[in-house]
Amino acid sequence: MRGLLLAGMVAAAATFLADSYGAPVMLFALLIGMALHAVAEQPACASGVRIASQTLLRWGVALMGLRLGLEDVAGLGWQPVAGVLLLVGATLGAGVFLSYAFGRQKAFGLLAGGSVAICGASAALAIASVLPRREGREADTLLVITAVTVLSTFAMVAYPVLFRALGFGPTETAFLIGATIHDVAQVAGAGHSISEEVGVMATFVKMLRVALLPGVLLLVVILMREPGGGRAGLPWFVVLFVVLAVVGNAGVLPEAAVAQLVALSQGCLVMAIAALGLRTNLGRILEVDRRYTAMLVLLTVFLLGAALILVVALGL
(Lines give C-alpha, C1' and ligand atoms only; values in the text may rest on other atoms or scores of the structure.)
Protein backbone atom coordinates (compact mmCIF):
# COMPACT_ATOMS: atom_id res chain seq x y z
CA MET A 1 0.00 0.00 0.00
CA ARG A 2 1.29 3.42 -0.91
CA GLY A 3 0.37 4.99 2.43
CA LEU A 4 2.18 2.30 4.38
CA LEU A 5 5.22 2.69 2.14
CA LEU A 6 5.11 6.46 2.62
CA ALA A 7 4.99 6.10 6.40
CA GLY A 8 7.92 3.68 6.22
CA MET A 9 9.96 6.12 4.13
CA VAL A 10 9.25 8.92 6.60
CA ALA A 11 10.26 6.68 9.51
CA ALA A 12 13.48 5.67 7.74
CA ALA A 13 14.37 9.30 7.00
CA ALA A 14 13.62 10.29 10.61
CA THR A 15 15.80 7.45 11.93
CA PHE A 16 18.69 8.45 9.67
CA LEU A 17 18.49 12.09 10.76
CA ALA A 18 18.18 11.15 14.43
CA ASP A 19 21.24 8.89 14.22
CA SER A 20 23.19 11.56 12.35
CA TYR A 21 22.38 14.51 14.60
CA GLY A 22 21.56 12.89 17.94
CA ALA A 23 18.07 14.39 18.03
CA PRO A 24 14.78 12.66 19.01
CA VAL A 25 13.60 10.35 16.22
CA MET A 26 9.95 10.88 17.21
CA LEU A 27 10.22 14.62 16.62
CA PHE A 28 11.79 14.13 13.19
CA ALA A 29 9.07 11.64 12.25
CA LEU A 30 6.36 14.12 13.25
CA LEU A 31 7.88 17.05 11.39
CA ILE A 32 8.61 15.15 8.18
CA GLY A 33 5.15 13.57 8.28
CA MET A 34 3.41 16.92 8.66
CA ALA A 35 5.48 18.33 5.80
CA LEU A 36 4.15 15.56 3.54
CA HIS A 37 0.53 15.87 4.66
CA ALA A 38 -0.62 16.93 1.17
CA VAL A 39 0.78 13.71 -0.29
CA ALA A 40 -0.91 11.59 2.36
CA GLU A 41 -4.27 13.17 1.55
CA GLN A 42 -4.33 11.36 -1.79
CA PRO A 43 -6.97 8.56 -1.78
CA ALA A 44 -4.36 5.95 -2.75
CA CYS A 45 -2.45 6.63 0.49
CA ALA A 46 -5.33 6.86 2.96
CA SER A 47 -5.75 3.19 3.89
CA GLY A 48 -2.02 2.53 4.29
CA VAL A 49 -1.51 5.59 6.48
CA ARG A 50 -4.47 4.49 8.61
CA ILE A 51 -2.94 1.03 9.08
CA ALA A 52 0.36 2.59 10.13
CA SER A 53 -1.30 4.94 12.63
CA GLN A 54 -3.55 2.29 14.18
CA THR A 55 -2.48 -1.33 13.60
CA LEU A 56 1.27 -0.72 13.73
CA LEU A 57 0.77 1.45 16.80
CA ARG A 58 -0.89 -1.42 18.66
CA TRP A 59 1.85 -3.88 17.71
CA GLY A 60 4.52 -1.37 18.71
CA VAL A 61 2.92 -0.95 22.11
CA ALA A 62 2.58 -4.72 22.57
CA LEU A 63 6.23 -5.37 21.71
CA MET A 64 7.31 -2.68 24.18
CA GLY A 65 6.82 -5.32 26.87
CA LEU A 66 10.09 -6.92 25.85
CA ARG A 67 11.95 -3.74 26.84
CA LEU A 68 11.21 -4.15 30.52
CA GLY A 69 14.01 -5.41 32.73
CA LEU A 70 12.03 -6.39 35.83
CA GLU A 71 15.07 -7.80 37.63
CA ASP A 72 16.79 -4.43 37.37
CA VAL A 73 13.66 -2.65 38.56
CA ALA A 74 13.34 -4.98 41.56
CA GLY A 75 16.97 -4.26 42.47
CA LEU A 76 16.20 -0.61 43.16
CA GLY A 77 14.81 -1.26 46.64
CA TRP A 78 11.44 -0.32 48.06
CA GLN A 79 12.02 3.41 48.63
CA PRO A 80 12.64 4.41 44.99
CA VAL A 81 9.83 2.09 43.89
CA ALA A 82 7.39 3.71 46.34
CA GLY A 83 8.61 7.15 45.29
CA VAL A 84 8.04 6.47 41.60
CA LEU A 85 4.58 5.03 42.26
CA LEU A 86 3.67 8.15 44.20
CA LEU A 87 5.03 10.48 41.50
CA VAL A 88 3.21 8.70 38.68
CA GLY A 89 -0.09 8.71 40.56
CA ALA A 90 0.27 12.37 41.56
CA THR A 91 1.14 13.43 38.00
CA LEU A 92 -1.88 11.62 36.57
CA GLY A 93 -4.09 13.32 39.15
CA ALA A 94 -2.52 16.69 38.36
CA GLY A 95 -3.15 16.09 34.66
CA VAL A 96 -6.86 15.51 35.21
CA PHE A 97 -7.12 18.51 37.56
CA LEU A 98 -5.33 20.85 35.15
CA SER A 99 -7.39 19.54 32.24
CA TYR A 100 -10.61 20.67 33.90
CA ALA A 101 -8.94 23.93 35.00
CA PHE A 102 -7.98 24.62 31.38
CA GLY A 103 -11.48 23.91 30.11
CA ARG A 104 -10.82 20.41 28.79
CA GLN A 105 -12.17 16.99 29.76
CA LYS A 106 -10.76 14.06 31.68
CA ALA A 107 -9.46 12.30 28.56
CA PHE A 108 -7.02 15.09 27.69
CA GLY A 109 -5.81 15.18 31.29
CA LEU A 110 -5.10 11.44 31.27
CA LEU A 111 -3.32 11.76 27.92
CA ALA A 112 -1.16 14.67 29.04
CA GLY A 113 -0.57 13.42 32.58
CA GLY A 114 0.22 9.88 31.44
CA SER A 115 2.73 11.03 28.84
CA VAL A 116 4.58 13.14 31.42
CA ALA A 117 4.33 10.52 34.16
CA ILE A 118 5.38 7.43 32.16
CA CYS A 119 7.54 7.74 29.04
CA GLY A 120 6.67 10.69 26.86
CA ALA A 121 5.71 10.05 23.25
CA SER A 122 5.42 6.26 23.60
CA ALA A 123 3.05 6.58 26.55
CA ALA A 124 1.01 9.23 24.71
CA LEU A 125 0.55 6.87 21.77
CA ALA A 126 -0.38 3.96 24.03
CA ILE A 127 -2.89 5.99 26.05
CA ALA A 128 -4.41 7.54 22.92
CA SER A 129 -4.95 4.04 21.53
CA VAL A 130 -7.27 3.10 24.42
CA LEU A 131 -9.15 6.40 24.65
CA PRO A 132 -12.59 6.57 23.02
CA ARG A 133 -12.36 7.97 19.49
CA ARG A 134 -13.45 11.58 19.29
CA GLU A 135 -13.07 14.39 16.78
CA GLY A 136 -9.81 16.20 17.46
CA ARG A 137 -8.21 13.27 19.31
CA GLU A 138 -5.36 12.99 16.81
CA ALA A 139 -4.64 16.72 17.08
CA ASP A 140 -4.52 16.41 20.87
CA THR A 141 -2.19 13.42 20.63
CA LEU A 142 0.11 15.21 18.22
CA LEU A 143 0.20 18.29 20.46
CA VAL A 144 1.11 16.20 23.51
CA ILE A 145 3.78 14.21 21.65
CA THR A 146 5.40 17.34 20.25
CA ALA A 147 5.35 19.15 23.60
CA VAL A 148 6.73 16.28 25.70
CA THR A 149 9.44 15.54 23.12
CA VAL A 150 10.65 19.15 23.15
CA LEU A 151 10.41 19.37 26.95
CA SER A 152 12.27 16.08 27.37
CA THR A 153 15.08 17.29 25.13
CA PHE A 154 15.33 20.53 27.14
CA ALA A 155 15.32 18.56 30.41
CA MET A 156 18.13 16.31 29.18
CA VAL A 157 20.38 19.36 28.97
CA ALA A 158 19.09 21.45 31.88
CA TYR A 159 18.36 18.92 34.64
CA PRO A 160 21.92 17.61 35.19
CA VAL A 161 23.09 21.22 35.58
CA LEU A 162 20.21 21.99 37.96
CA PHE A 163 20.76 18.93 40.15
CA ARG A 164 24.49 19.60 40.33
CA ALA A 165 23.83 23.22 41.34
CA LEU A 166 21.47 22.01 44.09
CA GLY A 167 24.26 19.85 45.50
CA PHE A 168 22.74 16.40 45.01
CA GLY A 169 25.00 13.35 45.03
CA PRO A 170 25.14 10.64 42.35
CA THR A 171 22.36 8.49 43.86
CA GLU A 172 19.91 11.36 44.31
CA THR A 173 20.74 12.75 40.87
CA ALA A 174 20.18 9.37 39.23
CA PHE A 175 16.78 9.03 40.89
CA LEU A 176 15.76 12.56 39.90
CA ILE A 177 16.82 12.13 36.28
CA GLY A 178 15.05 8.77 35.96
CA ALA A 179 11.91 9.99 37.72
CA THR A 180 11.41 13.30 35.90
CA ILE A 181 12.65 13.21 32.28
CA HIS A 182 9.97 11.96 29.89
CA ASP A 183 11.78 9.91 27.25
CA VAL A 184 14.00 6.87 27.88
CA ALA A 185 16.68 8.02 25.45
CA GLN A 186 16.89 11.44 27.08
CA VAL A 187 17.13 9.85 30.52
CA ALA A 188 20.10 7.79 29.38
CA GLY A 189 21.68 10.82 27.74
CA ALA A 190 21.30 13.01 30.81
CA GLY A 191 22.55 10.32 33.18
CA HIS A 192 25.60 9.38 31.15
CA SER A 193 26.52 13.05 30.75
CA ILE A 194 27.34 12.90 34.47
CA SER A 195 28.81 9.41 34.76
CA GLU A 196 28.20 5.85 33.60
CA GLU A 197 27.00 4.89 37.10
CA VAL A 198 24.41 7.67 37.17
CA GLY A 199 23.30 6.77 33.64
CA VAL A 200 22.68 3.13 34.55
CA MET A 201 20.85 3.96 37.78
CA ALA A 202 18.72 6.63 36.12
CA THR A 203 17.72 4.20 33.38
CA PHE A 204 16.66 1.64 36.01
CA VAL A 205 14.41 4.24 37.66
CA LYS A 206 12.99 5.19 34.28
CA MET A 207 12.19 1.57 33.45
CA LEU A 208 10.18 1.34 36.63
CA ARG A 209 8.00 4.16 35.29
CA VAL A 210 7.66 2.29 31.99
CA ALA A 211 6.68 -0.86 33.90
CA LEU A 212 3.65 1.00 35.24
CA LEU A 213 2.26 1.56 31.73
CA PRO A 214 -0.09 -1.49 31.68
CA GLY A 215 -1.60 -0.41 35.00
CA VAL A 216 -2.09 3.13 33.74
CA LEU A 217 -3.71 1.85 30.55
CA LEU A 218 -6.13 -0.27 32.58
CA LEU A 219 -6.94 2.77 34.74
CA VAL A 220 -7.63 4.82 31.61
CA VAL A 221 -9.92 2.11 30.22
CA ILE A 222 -11.87 2.03 33.49
CA LEU A 223 -12.13 5.80 33.88
CA MET A 224 -13.15 6.36 30.25
CA ARG A 225 -15.69 3.54 30.08
CA GLU A 226 -18.86 4.75 28.41
CA PRO A 227 -22.04 4.64 30.54
CA GLY A 228 -23.78 1.35 29.94
CA GLY A 229 -20.78 0.05 28.05
CA GLY A 230 -20.42 -3.04 30.15
CA ARG A 231 -17.36 -4.30 31.97
CA ALA A 232 -14.04 -2.62 31.19
CA GLY A 233 -11.26 -4.80 29.90
CA LEU A 234 -7.75 -4.40 28.58
CA PRO A 235 -7.31 -4.29 24.78
CA TRP A 236 -5.52 -7.28 23.26
CA PHE A 237 -2.28 -5.40 22.65
CA VAL A 238 -2.03 -4.35 26.31
CA VAL A 239 -2.51 -7.97 27.38
CA LEU A 240 0.19 -8.97 24.90
CA PHE A 241 2.43 -6.25 26.38
CA VAL A 242 2.18 -7.91 29.81
CA VAL A 243 2.67 -11.42 28.38
CA LEU A 244 5.78 -10.38 26.46
CA ALA A 245 7.17 -8.62 29.53
CA VAL A 246 6.90 -11.90 31.44
CA VAL A 247 8.31 -13.94 28.54
CA GLY A 248 11.18 -11.51 28.03
CA ASN A 249 12.19 -11.59 31.68
CA ALA A 250 11.82 -15.37 31.93
CA GLY A 251 14.68 -15.87 29.47
CA VAL A 252 12.59 -18.05 27.18
CA LEU A 253 13.54 -16.19 24.02
CA PRO A 254 17.14 -15.92 22.74
CA GLU A 255 18.71 -12.52 23.37
CA ALA A 256 19.16 -11.96 19.63
CA ALA A 257 15.44 -12.53 19.04
CA VAL A 258 14.50 -10.15 21.86
CA ALA A 259 16.80 -7.50 20.41
CA GLN A 260 15.20 -7.87 16.99
CA LEU A 261 11.68 -7.65 18.40
CA VAL A 262 12.57 -4.58 20.47
CA ALA A 263 13.93 -2.95 17.32
CA LEU A 264 10.70 -3.92 15.54
CA SER A 265 8.70 -2.29 18.34
CA GLN A 266 10.64 0.94 17.95
CA GLY A 267 10.17 0.82 14.18
CA CYS A 268 6.41 0.33 14.54
CA LEU A 269 6.14 3.27 16.93
CA VAL A 270 8.19 5.55 14.70
CA MET A 271 6.02 4.60 11.71
CA ALA A 272 2.89 5.21 13.77
CA ILE A 273 4.05 8.70 14.71
CA ALA A 274 5.08 9.35 11.11
CA ALA A 275 1.57 8.33 10.01
CA LEU A 276 0.05 10.56 12.68
CA GLY A 277 2.05 13.46 11.25
CA LEU A 278 0.99 12.53 7.71
CA ARG A 279 -2.67 12.64 8.73
CA THR A 280 -2.38 16.01 10.48
CA ASN A 281 -2.58 19.40 8.82
CA LEU A 282 -0.08 21.82 10.37
CA GLY A 283 -2.77 24.47 10.31
CA ARG A 284 -4.82 22.44 12.79
CA ILE A 285 -1.91 22.41 15.24
CA LEU A 286 -1.43 26.17 14.93
CA GLU A 287 -5.12 26.63 15.73
CA VAL A 288 -4.83 24.74 19.03
CA ASP A 289 -5.11 26.95 22.10
CA ARG A 290 -1.58 27.61 23.37
CA ARG A 291 -2.82 27.19 26.91
CA TYR A 292 -2.74 23.45 26.36
CA THR A 293 0.99 23.62 25.68
CA ALA A 294 1.33 25.59 28.92
CA MET A 295 -0.49 22.74 30.64
CA LEU A 296 2.22 20.29 29.53
CA VAL A 297 4.87 22.68 30.86
CA LEU A 298 3.05 22.93 34.20
CA LEU A 299 2.82 19.14 34.46
CA THR A 300 6.54 18.83 33.77
CA VAL A 301 7.32 21.42 36.45
CA PHE A 302 4.92 19.66 38.83
CA LEU A 303 6.69 16.33 38.36
CA LEU A 304 10.10 17.95 38.87
CA GLY A 305 8.97 19.77 42.01
CA ALA A 306 7.33 16.67 43.49
CA ALA A 307 10.48 14.61 42.85
CA LEU A 308 12.67 17.25 44.50
CA ILE A 309 10.40 17.28 47.55
CA LEU A 310 10.56 13.49 47.80
CA VAL A 311 14.36 13.43 47.62
CA VAL A 312 14.77 16.20 50.19
CA ALA A 313 12.03 15.09 52.60
CA LEU A 314 12.41 11.31 52.40
CA GLY A 315 16.04 10.95 51.39
CA LEU A 316 15.32 8.77 48.38
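1. A word on the ground rules. Residues are numbered from 1 along each chain as its sequence is written, and side-chain values use heavy atoms, with hydrogens and water left out. As the model is predicted, local features need pLDDT of at least 70 and side-chain atom pairs count only at pLDDT 80 or more, while totals for chains, interfaces and linings use all residues.

2. Let us start with helix α6 (residues 78–101) and helix α17 (residues 291–314), whose axes lie 10 Å apart at an angle of about 150°. That angle makes α6 roughly antiparallel to α17 (angles under 35 degrees count as roughly parallel, over 145 as roughly antiparallel, 65 to 115 as roughly perpendicular and the rest as oblique). Helices here are DSSP runs of H or I with at least four residues, numbered from the N terminus. The contact of α6 with α17 has 14 nonpolar, five polar and no charged residues.

3. Helix α17 also packs with helix α7 (residues 106–117), at an angle of about 45° and with the axes 10 Å apart. This makes α7 oblique to α17. On the α7 side, Phe108, Gly109, Ala112, Gly113, Ser115 and Val116 take part, and they meet residues of α17 including Tyr292, Met295 and Leu303.

4. Do have a look at Tyr292, which sits in helix α17. With 12% relative accessibility, Tyr292 counts as buried (under 20% relative accessible area; exposed is over 50% and partly exposed in between, with a 1.4 Å probe and protein chains only). Leaving aside residues up to four places away in sequence, Tyr292 touches Phe102, Arg104, Phe108 and Leu143. Tyr292 and Leu98 are 194 residues apart in sequence, yet their C-alpha atoms are 9.5 Å apart in space.

5. Which residues form the aromatic cluster? Tyr159, Phe163 and Phe168 do, and the whole structure holds two aromatic pairs (ring centres of Phe, Tyr or Trp, the last by its six-membered ring, within 6.5 Å; planes under 30 degrees apart are stacked, over 60 edge-to-face and the rest tilted). Tyr159 and Phe163 form a tilted pair, 5.6 Å centre to centre with 50° between the planes. Both belong to helix α9 (residues 137–165), where being four residues apart separates them by about one helical turn. Phe163 is buried at 0% relative accessibility. Phe163 also pairs edge-to-face with Phe168, at 6.5 Å centre to centre and 75° between the planes.

How values were computed
Axes are lines fitted to C-alpha atoms, for helices over the stretch in contact, and angles run from 0 to 180 degrees between N-to-C directions. Helices (H or I, at least four residues) and strands (E, at least two) are DSSP runs, numbered from the N terminus. Ala, Val, Leu, Ile, Met, Phe, Trp, Tyr, Cys and Pro count as nonpolar, Asp, Glu, Lys and Arg as charged, and the others, Gly among them, as polar. Contact means heavy atoms within 4.5 Å.
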